[in-house]
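I opened my notebook to jot down a few things worth looking up. Here they are, in the order I got to them.

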Amino acid sequence: MRTALVVPAAGRGDRLGASRPKALVPLAGEPLLVHALRRAAASDVVDVVVVVAPAGACDEVRSLLQPVVPDVLVVPGGAERQDSVRAGLRALPADVDVVLVHDAARCLTPPDVFALVVAAVRAGAAGVVPVLPVADTVKRVAGQTVLETLDRSELVAVQTPQGFSADVLRTVHEAAVPGSAVTDDAGMLEALGHGVRTVPGHERAFKVTRPIDLLLAQALLSPEAP
Ligand SMILES: Nc1ccn([C@@H]2O[C@H](COP(=O)(O)OP(=O)(O)OP(=O)(O)O)[C@@H](O)[C@H]2O)c(=O)n1
Ligand SMILES: C[C@](O)(CO)[C@H](O)COP(=O)(O)O
């Protein structure tokens with residue numbers, strides 16, 4: 001049985017404000033997607049890679065990734081992240097039993113995180129998410145009115161790669177209501193009562209979302225970075 005990596009990379013990157021789809025935006029001379037795939041490949045725990053590319057950019061993505069992952073499968077994405085992940089899952093070979101789903105936008109995620117997540121799924125969890133403690137106080141609001149302050153000790157920020165039993169992930173994606181407000185794949189398992197476990201995430205697994213995140217990523221790739 002094999003482990004697959006599905007990389008949703010079809011987002012526009014509106015919050016980044018770039019002129020290209022976010023996964024193709026250059027960082028230190030290479031697209032975010034190439035950085036993400038190189039780190040995933042270095043983990044040595046991935047056998048099959050499916051990249052979900054922006055519509056119209058499948059050929060470009062295939063040639064970009066050829067030197068990093070020669071056997072990469074590239075399929076076009078959908079309107080929402082959930083649609084893109086589902087397209088990636090439909091392209092998987094039948095003998096895959098563990099699936100990682102990893103945002104191209106979390107392009108500096110270290111290889112060790114991939115290995116940790118796969119080990120936790122292979123140890124028996126249906127779903128596994130890497131998490132970090134929340135650094136800010138978090139409040140629930142209605143417009144500009146504060147309703148309550150949440151207990152931060154019970155909150156975590158969730159990253160990718162998220163890992164799953166392939167059968168469970170395929171089932172929850174095929175059962176999902178298009179347009180539902182679920183923002184990550186583990187949330188789809190939770191909604192159907194499947195258990196999800198956590199493993200420690202990593203500060204470098206942050207998502208490049210806004211321009212300041214790209215500056216941080218550039219700084220982390222400089223020789224002086226800690
Ligand atoms: N229709 C979509 C939307 C998002 N993604 C991918 O899902 C990951 C996480 O999404 P996010 O960082 O929010 O990317 P965007 O949707 O591109 O960002 P924005 O909301 O700023 O447009 C990214 O790797 C993105 O390419 C995707 O494959 N298909
Ligand atoms: C999957 C994810 O990266 C986990 O934190 C996140 O939910 C993606 O959300 P986005 O709003 O599509 O960036």
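This is a predicted model: local features need pLDDT of at least 70, side-chain atom pairs count only at pLDDT 80 or more; totals for chains, interfaces and linings use all residues.

I started with A28, which sits in the loop between β2 (26-27) and β3 (30-31); strands here are DSSP runs of E with at least two residues, helices are runs of H or I with at least four, and both are numbered from the N terminus. Residues are numbered from 1 along each chain as its sequence is written, and chains are lettered from A and ligands numbered from 1 in the order in which they are written.

Back to A28: its phi is near 50°, a positive value in a residue other than glycine. Is A28 buried or exposed? A28 is exposed, because 10 other C-beta atoms lie within 10 Å (exposed means 12 or fewer such atoms within 10 Å of the residue's own, buried means 20 or more, partly exposed is in between, and C-beta atoms are placed from the backbone).

Next I checked D44, in the loop between α1 and β4 (48-53). D44 also has a positive phi, near 65°, and is not a glycine. With 11 other C-beta atoms within 10 Å, D44 is exposed.

Then the helices. The axes of α1 (residues 32-42) and α2 (residues 58-65) come within 10 Å and cross at roughly 45°; axes are lines fitted to C-alpha atoms, for helices over the stretch in contact, and angles run from 0 to 180 degrees between N-to-C directions. So α1 and α2 are oblique to each other (under 35 degrees is roughly parallel, over 145 roughly antiparallel, 65 to 115 roughly perpendicular, the rest oblique).

Which residues meet there? I found L33, V34 and L37 of α1 against V61, L64 and L65 of α2, where contact means C-beta atoms, placed from the backbone, within 7 Å. That contact has six nonpolar residues, no polar and no charged (Ala, Val, Leu, Ile, Met, Phe, Trp, Tyr, Cys and Pro are nonpolar, Asp, Glu, Lys and Arg charged, and the others, Gly among them, polar).

I also spotted a cis peptide bond between T160 and P161, with omega about 10°. P161 is in the loop between β10 (156-158) and β11 (162-165).

Last, ligand 2: around it are R81, D103, V158, Q159, T160, T183, D184 and K207, counting a residue as near if its C-beta atom, placed from the backbone, lies within 6 Å. I sorted this shell into one nonpolar, three polar and four charged.

Methods. Two residues are in contact if their C-beta atoms, placed from the backbone, lie within 7 Å.
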